[in-house]
Amino acid sequence: MNAKQLQYAPDSFTKQFVTLSPFSGQVVSLSHIDDPYYKSGLMGPGAAISSTSNTVLSPFAGKVLSVSPLDYAIDIQSSAGLKCKIKYGGDTSHLHGAQFACSLKRGDEIRLKQVLFTVNAAWLKQRGVSNTCSMTLLNANALIGVVPTHQKFVEAGEDTLLTLYL
């Protein structure tokens, strides 16, 4: 488990930021993701959502750091400097980016709630890929901690997924 991942808000902090959920569905712990890097906390603190939705939205305004279609993932940075990885599914590299659509590229500016990418969830599920979208913080070192939502279900672009404390 990642040391920055907290259950509740810390006793003292300077600033608090919220990031919206990039995906609609049922909130699950990163420990339930079928990927050893996420389970062990190597990808940073965060949360995951299980869903049949096809659209992944930007949780904040900022810019694109990288797009990795083979892994159904995008790395983005907020205007405040927060870096996140948003990844769809478990092991998807063998699919070579099929049924994954992203028109963004490195350096593109992104708006809050902008579509980052779409996936064909039904097609992926037929190929045994888990319909789970994860969002992890790549540069959580500067933070006191991260608290995932206590809601059971979240709506993309509406509900908070992570609350960050500085």
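This is a predicted model: local features need pLDDT of at least 70, side-chain atom pairs count only at pLDDT 80 or more; totals for chains, interfaces and linings use all residues.

Mentor: Residues are numbered from 1 along each chain as its sequence is written, and side-chain values use heavy atoms, with hydrogens and water left out.

Trainee: Which residues touch the most other members of the largest nonpolar core?

Mentor: A nonpolar core is a set of buried Ala, Val, Leu, Ile, Met, Phe, Trp, Tyr and Cys residues joined through side-chain atoms within 4.5 Å. Buried means under 20% relative accessible area, exposed over 50%, and partly exposed in between (1.4 Å probe, protein chains only). The largest core has 35 residues, and those touching the most other members are Tyr88, Leu116 and Leu137.

Trainee: Which elements each supply at least two residues of this core?

Mentor: Elements are DSSP runs numbered from the N terminus, with helices (H or I) of at least four residues and strands (E) of at least two. The contributors are strand 3 (46-50), strand 6 (73-78), strand 7 (83-88), strand 10 (115-119), helix 2 (121-126), strand 11 (132-137) and strand 14 (160-165).

Trainee: What is the geometry of the ring pair formed by phenylalanine 23 and tyrosine 88?

Mentor: Rings of Phe, Tyr and Trp (its six-membered ring) pair if their centres lie within 6.5 Å; planes under 30 degrees apart count as stacked, over 60 as edge-to-face and the rest as tilted. Phenylalanine 23 lies in the loop between strand 1 (16-20) and strand 2 (25-28) and tyrosine 88 in strand 7, so the pair ties together parts 65 residues apart in sequence. With centres 5.6 Å apart and planes at 70 degrees, the pair is edge-to-face.

Trainee: How is the pair of phenylalanine 100 and phenylalanine 117 classed, by its centres and planes?

Mentor: Phenylalanine 100 is buried, with a relative accessible area of 13%, and phenylalanine 117 is buried at 0%. Their ring centres are 5.0 Å apart and their planes stand at 40 degrees, so the pair is tilted.

Trainee: How far apart in sequence are the parts tied together by lysine 113 and glutamate 158?

Mentor: The closest N and O atoms of this salt bridge are 4.0 Å apart. Lysine 113 lies in the loop between strand 9 (109-110) and strand 10, and glutamate 158 in the loop between strand 13 (153-154) and strand 14, so the separation in sequence is 45 residues.

Trainee: Which backbone oxygen lies 2.6 Å from a polar atom of the side chain of serine 21?

Mentor: Serine 21 is in the loop between strand 1 and strand 2 and is buried at 0% relative accessibility. The oxygen in question belongs to phenylalanine 23.

Trainee: What is the relative accessible area of glycine 62?

Mentor: Glycine 62 is in strand 5 (residues 62-68). Contact means heavy atoms within 4.5 Å, and, leaving aside neighbours within four places in sequence, glycine 62 has contacts including Gln77, Asp108 and Ile110. Glycine 62 is buried, the value being 10%.

Definitions and conventions
A polar contact is a pair of N or O atoms within 3.5 Å; within protein, one must be able to donate a hydrogen and the other to accept it, and residues adjacent in sequence count only if both atoms are side-chain atoms. A salt bridge is a side-chain nitrogen of Lys or Arg within 4 Å of a carboxyl oxygen of Asp or Glu.
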